[in-house]
Amino acid sequence: MMAGVAALLWGVAGLLGTTVLAMAISRRTFATRLVYSATLALCFVMFAVAALHLLGGNADDSKLTLPLGLPWIGAHFRLDALAAFFLIVVNFGGAAASLYGLGYGRHEAAPHRVLPFFAAFLAGMNLVVLASDAFSFLLSWEFMSLASWALVIAHHREPSHTRAGFIYLVMASAGTFALLLAFALLAGPAGTYAFSAIRATQPTPLVEAVVLGLMLVGAGSKAGLVPLHVWLPLAHPAAPSHVSALMSGVMTKVAVYAFIRVVFDLMGHPTWWASLVVLFLGALSAVLGILHAMMENDLKRLLAYSTIENIGIIFVSLGLAMAFKANGMPLAAALSLTAALFHILNHSFFKSLLFFGAGAVLTTTGERNMEKLGGLIHRMPLTSFVFLAGCVAISALPPFNGFASEWLTFQAILLSPELHQWGLKVMVPAVGGLLALSAALAVATFVKAFGITFLGRPRSPAAEGAHEVDRFSLTAMLILAVLCLLTGILPGLVIDALSPVTTALIGSRMPVQLAQPWLTTVPIAESRSSYNGLLVFLFITMSASLAVFVIHKLASRAVRRGPAWGCGFPDITPVAQYTGTSFAEPIRRVLGTFAFRARESVEMPPPGSLEPARLRVEMHDLIWEALYQPLVGAVEYATTKLNYLQFLTIRRYLTLVFGYLVFLLLVLAIWP
Amino acid sequence: MALTLALLIQGAQMLLVLALAPLLTGFLRKVKARLLRRQGPSLLQPYRDLLRLLRKEVVLADNASWLFRVTPYLVFAATWVAAALIPTFATGLAFSWTADLIAIVALLGSARFFLALSGLDVGTSFGGIGSSREVMIASLAEPAMLLIAFSLALVAGSTQLSTVAAYMASPDVGLRVSLGMSLIALVMVAIAENARVPVDNPATHLELTMIHEAMILEYSGRHLAMIELATFLKLLLYMSLISCLFVPWGLAQPGDWAGAYAVGAMTYIAKLGVGGVLLALFETSIAKMRVFRVPNFLGAALMLALLATLILFVARSI
């Protein structure tokens, strides 16, 4: 059985061919349309192949070895249930981004900086998921990183973008370095690069611990796990919006894939304390990510920070799955892993949708700063409608999909008192509390994101002159919004589709959801709970329509327009409206004083002066200051000191070389 | 037959909460007025207010969007569905399995999400101040509420409200420290969620002290009626929740004879009465606190709920 993987590799070859083609023709006018049409078609076909593999009940994996890469080893590719699921996420996101790009790409000032790398980026992500040996995996990973880096600095004339590109490059190199070490340890002294061989050997506990740490650094930095997230809110917004959607919605998921592949598949036997670390980092990312997002006024950066939150939620579910698996509770582990995978799918839907929406706003107004927007709901009715759907979904509100996956995570948390270890017993409720806090803060954040950007009165001439975007962009957003609702009201379909993945990794699965009456979602028998998104949706629709019908029929339907009331004190100018900063003020005062050491000071002019009073807000990114600044300082100190070595005389160089040689020989002599 | 009966009870319950909700608020206002030695408006005043509002025309601000017009109905629908899923006089409701306690909390979250957005829609400062403070309070009250749901679920072994209520009514619950903590936390959250004194004052007309009222300042006519009705429903919802979880006596169980349902309905109304008197007593004896003292209040609720959950996690192994 190799048809699946062969078809996918042909698709990758097609994407790489598109890259070459795009390089050749990128300055022509038709290039944009041609390249995005090609990637759309290729991604759609690859999506279909992966979906057929996952849904077709194909138990055998599809394998292929190509005589590429390292001699005598070759490049191994394999399509199993886990890979198929992630290929669905990658290629669906890719297809949506291509469709959006058909319209959005027309406004691109420098298409030759975007088009080739866009196709290459898609090819890289597909290859990472398909790779089945350490060498091809790392090569594809690096290819994916470099292609996305090129896209981040596509608009390199803006100084903030070059800085973002630099930080991304440094973090990506560090991450790949950690992955390299992790795979080297897994390969062992015999150098077994193929995943099948790695899977067969059981690493020692020490190796397992080190590999887990390295994976958390390598995959975690790409996924945006706190404290390795610093590049993400800089790099994701810098790229063109459909690429931001891919980076946030899809590439972070590829990183999660790497983590799942190594921890659940290649090593296979997680220890309980490892789950403790994952749970802690996940919860920390969730809360810090969303708090940062709440404070942010740049729409795309807000979305990027919220990605960190969602990655945190996913890692919490993964940590729970590890804990349950370590304690021999396969059903609960399957529930947690399903929750994680479901949230991965959901996040790829709504985060792509939101980035597309932000891109639409950016195209028509040229603004990312929410403080300069407002009132767009009148000027971009469709965009604002689908953006609202995305906001509801990401805020985990029923009946949309974000709630369904978070509900599963909460159900998994409620099963964890059965865990044996005290560390987990204390940690899990705290993590649950933090997750609940981040869910509540997400609501606040997306009220701000939608309310300040789309509601109210326009705060600048650019927002005043906004208009609706093209049909391609709208179609892409509409499809995603519909999917957010559909997966929310029919979560059972997704959960059933995910069962081959959990069966392969855990050896257990959630109960068949489609067999439940009324398509109700039930976690597992032990939790004795259920949720039915479809009925909740129907009930809300019915009671709202009933209320509308009765009132309009029996009471009044008269409407009169007039100036806003505002307690008889209307604000004359739109500048006096609530802004993003003022909206975040209460939460900044409550939680920000602790999380960001936020301080406010009011500078009052002297009496009689006509100058305005000023409010100054000071906030600190504590992780940057505590972790990265000392590191940067140390590197700078070391380079300044070592700089001295550059200007020595030849005698001193010779002495130095001689001394070093003696030192090495001594080490060799002493080494046992 | 059993299904028809279950559907009938569900329908009766949906109408009952809708019919009783304004009465509860009217009763509360009456008791508060009597405690202040005022005569107070009639018990039926909230019904009259609603009818009057429904008959009036809506005055919309010039730049109000479609969201502003849809929100009242969405808020009402979400609150009504949530209220209908909480056992009032009988457990084993026909649709109790559609949404558990977590989903009910999230449904109320949806209602608040749209209400907060509509506060920002017209673009006045009062709407903004109301919305931003409302989400601040919610961002602390909602996690506390979820932790309370966790602690109850750990005791009863399910997040399904009917199951939890049936378990709470059974003799094997006993007195538990964690349940006491959850009760206190739940009451604190309920006060905050319903914008009652000391967190917010539902009767205030001083703009800068308003939270909930500032958010809905621009609403009029039938839209305002819907939001007011949703507010009444929410108060009733929290009272039913507290009573079905912590004083579940008298709840009719599935399979009981008709008389048990009558008893259930009577005890339910009696419980609401007691709850209303207690709330009125509490509200008249305490002053409203400053907005930035509220986080301390809710932080205490959050910590209590967390402690209750933690105790249950740890106690499971002993």
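Predicted model: local features only at pLDDT ≥ 70, side-chain atom pairs only at ≥ 80, totals over all residues.

Colleague: Why are H12(A) and H17(A) called roughly antiparallel?

Modeller: The axes of helix H12 (residues 299-326) and helix H17 (residues 422-454), both of chain A, come within 11 Å and cross at roughly 155 degrees. Axes here are lines fitted to C-alpha atoms, for helices over the stretch in contact, and angles run from 0 to 180 degrees between N-to-C directions; the helices themselves are DSSP runs (H or I, at least four residues), numbered from the N terminus. Angles under 35 degrees count as roughly parallel, over 145 as roughly antiparallel, 65 to 115 as roughly perpendicular and the rest as oblique, and H12(A) and H17(A) are therefore roughly antiparallel to each other.

Colleague: What makes H15(A) and H4(B) oblique?

Modeller: H15(A) and helix H4 (residues 101-121) of chain B pack at about 135 degrees, with their axes 11 Å apart, and H15(A) and H4(B) are therefore oblique to each other. The crossing of H15(A) and H4(B) is right-handed. The contact, meaning heavy atoms within 4.5 Å, is made by Leu388(A), Cys391(A) and Val392(A) of H15(A) and by Phe113(B), Phe114(B) and Leu117(B) of H4(B).

Colleague: Which classes do the residues in the contact of H15(A) with H4(B) fall into?

Modeller: That contact has six nonpolar, no polar and no charged residues, where Ala, Val, Leu, Ile, Met, Phe, Trp, Tyr, Cys and Pro count as nonpolar, Asp, Glu, Lys and Arg as charged, and the others, Gly among them, as polar.

Colleague: And why are H16(A) and H4(B) called oblique?

Modeller: The axes of H16(A) and H4(B) come within 11 Å and cross at roughly 140 degrees, and H16(A) and H4(B) are therefore oblique to each other. The crossing of H16(A) and H4(B) is right-handed, and the contact includes Trp407(A) of H16(A) and Ala106(B) of H4(B).

Colleague: How do you know that Arg560(A) and Glu57(B) meet in a salt bridge?

Modeller: The N to O distance between the side chains of Arg560(A) and Glu57(B) is 2.7 Å, and a salt bridge asks for a side-chain nitrogen of Lys or Arg within 4 Å of a carboxyl oxygen of Asp or Glu. The count between chain A and chain B is one salt bridge, in a contact that takes 85 residues from chain A and 80 residues from chain B.

Colleague: Which peptide bond of chain A is cis, and where is its proline found?

Modeller: The cis peptide bond joins Val226(A) and Pro227(A), with omega about 5 degrees, and Pro227(A) is found in the loop between helix H8 (205-223) and helix H9 (232-238) of chain A.

Key. Residues numbered from 1 in each chain as written. Chains lettered and ligands numbered in written order. Heavy atoms only, no water. Helix = DSSP H or I, 4+ residues; strand = E, 2+ residues; numbered from the N terminus. Left-handed = near helix turned anticlockwise from the far one by under 90°.
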